[in-house]
Amino acid sequence: MVPSGWELLDLICKLLTYLGAASLAGSIFCLWLFKNESRQISHEILTYLVAGVFLGFQGALLRFFVQVGMVVDNGLVGMFDWGMAKIYFDSPIGDTTFFQLCGFVLAFFFGTVARKKIGTGTSHSTQNSLQFFNFGSLIAFLLLVFSFRFSGHISVLSTISKLAIVLHYSAFSAWIGSLYPLCLLSFSKDISFIRNRVKAFGDWAVFMVSVLIIAGGFMLLDLFGSIDEIFSTDYGMVVLVKLSLVIAIIGIAVINRVRLTPNIVTHKGVRQFRNSVTIEIFVALLILIVTTYLSTVVGPPEH
């Protein structure tokens with residue numbers, strides 16, 4: 001299905017919210033994982049987070065008005081129809097937008113404050129700043145997760161499937177949101193530290209992938225009435241495309257863990273790892289685009 005103009009705008013806005021959530025989850029995880037590294041990388045990760053949640057905020061806010069404009073159907077001016085906007089404020093769309101905006105604003109505040117303190121403070125104050133950031137940013141991410149109970153076809157799923165999508169969303173956000181910080185890590189001068197942290201990330205990635213597979217399986221069981229629907233519906237065909245990309249990114253992650261991580265003993269090995277992560281980021285973006293298309297343009301056959 002080719003998206004209409006409104007659906008394309010909606011897709012872009014939703015993609016921005018996904019990117020914002022990923023930058024938040026990945027930054028939380030990597031700041032904890034790289035906690036013994038220099039202030040420079042912490043500062044760069046927080047810059048990445050602040051930029052990401054800013055885009056996420058813009059996406060969530062604009063998406064609300066796009067939803068209004070889609071219903072009013074009076075061109076771009078219809079996005080600012082106050083009567084319809086007030087109706088949407090009291091709808092699940094309004095609730096979703098509220099919690100997303102609160103989450104992104106909170107993350108932006110804590111990220112900005114921690115970034116400023118790290119840039120001007122001592123090593124001791126840096127650790128205190130990161131603890132302060134971790135507390136507030138975790139609450140911010142929980143607000144984003146909570147917004148899912150109001151949104152789209154997910155809101156009509158069973159409790160187990162809702163829990164599954166929360167786990168799926170959290171694990172995938174933490175995984176792909178960590179890829180850019182991993183690239184930043186690869187520029188460190190301490191090759192031994194890079195190798196140790198990459199290995200630690202790989203150990204956690206095994207857990208993340210396990211959660212993704214198990215949670216994704218529960219979701220598919222609830223979204224499809226039968227196996228035939230996967231191959232006979234538009235939604236099912238797009239899901240197959242997404243699964244293919246997921247298999248590809250897992251394959252890249254396996255290569256990173258089994259082959260490239262042990263080779264991080266020279267600058268050449270570090271460059272090879274960095275190039276592999278760059279490819280992984282590209283595949284992750286494709287998965288996000290397909291996921292956004294699934295939840296925006298097409299929907300499950302039974303919902």
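1. Basis. The model is predicted, so local features need pLDDT of at least 70 and side-chain atom pairs count only at pLDDT 80 or more, while totals for chains, interfaces and linings use all residues. Residues are numbered from 1 along each chain as its sequence is written, and side-chain values use heavy atoms, with hydrogens and water left out.

2. Confidence. The protein averages a pLDDT (the predictor's confidence in each residue, from 0 to 100) of 85. Of the residues, 89% score at least 70. Helices here are DSSP runs of H or I with at least four residues, numbered from the N terminus. Helix H9 (residues 228-232) has the lowest confidence, at a mean of 78. Helix H7 (residues 179-185) has the highest, at 92.

3. Salt bridge count. Side chains of opposite charge can pair when their charged atoms come close. The rule used here asks for a side-chain nitrogen of Lys or Arg within 4 Å of a carboxyl oxygen of Asp or Glu. The count comes to three salt bridges.

4. Asp-10 and Arg-63. Their side chains meet in a salt bridge, at 2.6 Å from N to O. The pair links distant parts of the chain: Asp-10 sits in helix H1 (residues 5-33), Arg-63 in helix H2 (residues 39-72), and they are 53 residues apart. Asp-10 is buried, at a relative accessible area of 5%. Buried means under 20% relative accessible area, exposed over 50%, and partly exposed in between, with a 1.4 Å probe and protein chains only.

5. Asp-203 and its two partners. Asp-203 meets Lys-199 in a salt bridge at 3.7 Å, N to O. Both lie in helix H8 (residues 191-223), four residues apart, about one turn of the helix. Asp-203 also forms a salt bridge with Arg-257, with the closest N and O atoms 2.9 Å apart. Arg-257 is in helix H10 (residues 234-260) and Asp-203 in helix H8, so this pair ties together parts 54 residues apart in sequence. Shared partners join Lys-199, Asp-203 and Arg-257 into one network.

6. Asp-203 is partly exposed at 37% relative accessibility. Lys-199 is partly exposed at 48%, and Arg-257 is partly exposed at 38%.

7. Leaving out residues up to four places away in sequence, Tyr-169 touches Tyr-18, Ala-21, Phe-141, Leu-144, Val-145 and Phe-148. Contact means heavy atoms within 4.5 Å.

How values were computed:
Helices (H or I, at least four residues) and strands (E, at least two) are DSSP runs, numbered from the N terminus.
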